[in-house]
Amino acid sequence: MTFTVVAEAGEVHWLRADVALAPAARRHAGNLARDLGMPQAQVARVELCVTEMATNMLKYAHDGSLVLRVVRARDRAAVECLSLDSGPGIRNVQEALRDGISASGSLGIGLGTIARMADVSGVHSLPGRGTVVHARFWADGENGAPAAGPLDTGGLTRPLGGEQACGDTWAVRTAEGPDALLLMMCDGLGHGPLAAQASDRARGAFRASSHTDPARVLEDIHQALRNSRGAAVAVALVEPAAQRVRVSGAGNITALAATSSGRTGLPSLPGIAGVQLPRPRTFEAALPPGAALIMHSDGLSDRWKPADFPGLLAHDSSVVAAQIFSQAAVRRDDAGIVVAVHRQP
């Protein structure tokens with residue numbers, strides 16, 4: 001059986017908030033849009049969107065970053081723009097989405113413009129802690145998400161400060177069964193080019209594996225990583241029809257099934273794929289509609305709780321990944337996260 005890549009990590013441009021943020025974001029976003037062959041009118045919309053994001057951040061946020069990248073979902077490609085800030089947050093998001101509305105000391109102006117221009121958009125805010133603003137522009141000019149079944153997947157990576165290559169990566173592909181998907185989260189040992197090389201090799205083995213059982217896929221990745229630096233890897237099979245997730249992992253990858261009120265951990269065994277892999281074990285948890293599988297590297301703290309993110313799981317998977325990343329990432333390591341949200345029918 002042939003399996004199809006649904007989504008995977010790619011090049012991500014992280015732009016820190018400073019006086020040059022707006023022109024830098026406009027230039028990077030415009031180049032991404034032109035590389036996808038977007039017409040000039042659509043390129044201009046992308047550029048205006050990121051200019052609004054940058055202006056909002058510099059005016060109203062304590063600190064933050066813009067994330068610009070090309071995302072691919074099955075046979076479609078888009079420019080995606082994410083604004084991640086550290087506060088003060090928005091007290092009333094729906095009010096802020098009205099053009100011209102702003103509260104003193106809080107993000108607001110321009111959000112309505114962003115929502116109007118983008119094919120897909122969203123805002124999630126934690127008052128006092130930070131806001132994520134999301135905008136996606138499909139290269140084919142069609143709005144909405146691809147028809148991909150009940151699972152909404154996405155992820156985010158960031159290299160250690162000062163490094164260009166990221167040792168963390170993620171990928172999603174199809175599996176057997178109605179709407180079932182396989183997800184992988186990988187953290188190449190250390191950081192820099194050698195860690196990135198190991199992660200790239202793991203992603204290739206994940207794509208090429210003929211198996212769908214998480215333990216068997218993990219073993220295929222282990223074989224592919226021999227003579228490399230090695231990596232911590234977790235592989236998950238999400239089966240929406242059965243409302244469950246099964247995970248097999250080695251090394252320090254956090255995997256959990258999250259609902260709005262709680263989380264169920266899915267352990268990863270000690271070991272290093274490519275170096276020393278114990279006999280894989282598979283752990284299972286319920287994943288009903290409205291819940292999400294979340295896997296991340298140790299570049300994110302595992303102390304966060306779903307209750308700290310009210311309303312988050314109702315958002316696009318990119319917003320879910322970005323908000324958890326924004327609140328939990330540590331700056332002394334590569335960081336990566338991948339999520340699969342089981343949407344309500």
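Of the 345 residues of the protein, 56% count as buried. The model is predicted. The fold contains 7 helices and 16 strands. With a radius of gyration of 19 Å, close to the 20 Å from the globule rule for 345 residues, the protein is as compact as a globular protein of that length.

**Overall dimensions and surface**
- The C-alpha trace spans about 60 × 40 × 35 Å along its principal axes.
- The accessible surface amounts to about 14,100 Å², and carbon and sulfur atoms account for 48% of that surface.

- Taking contacts between residues at least 6 apart in sequence, 69% link residues at least 24 apart.

**Helix α2**
- Helix α2 covers residues 40-60, 21 residues in total.
- At 1.5 Å a residue, α2 should span 30 Å, which agrees with the 30 Å between its end C-alpha atoms.
- Buried residues in α2 are Gln42, Val43, Val46, Glu47, Cys49, Val50, Met53, Ala54, Asn56, Met57 and Tyr60.
- An α-helix has 3.6 residues a turn, so residues three or four places apart point the same way.
- The cover over the buried residues of α2 includes the helices α1 (21-35) and α4 (111-117).
- Strands also contribute to this cover, including β3 (64-73), β4 (76-85) and β6 (130-138).

Terms used
Residues are numbered from 1 along each chain as its sequence is written. This is a predicted model: local features need pLDDT of at least 70, side-chain atom pairs count only at pLDDT 80 or more; totals for chains, interfaces and linings use all residues. Side-chain values use heavy atoms; hydrogens and water are left out. Helices (H or I, at least four residues) and strands (E, at least two) are DSSP runs, numbered from the N terminus. The radius of gyration is taken over C-alpha atoms; the globule rule is 2.2 Å times the number of residues to the power 0.38. Buried means under 20% relative accessible area, exposed over 50%, partly exposed in between (1.4 Å probe, protein chains only). Contact means heavy atoms within 4.5 Å. Accessible areas come from the Shrake-Rupley method with a 1.4 Å probe; for residues, only the protein chains shown count as cover. The expected span of a helix is 1.5 Å times one less than its number of residues.
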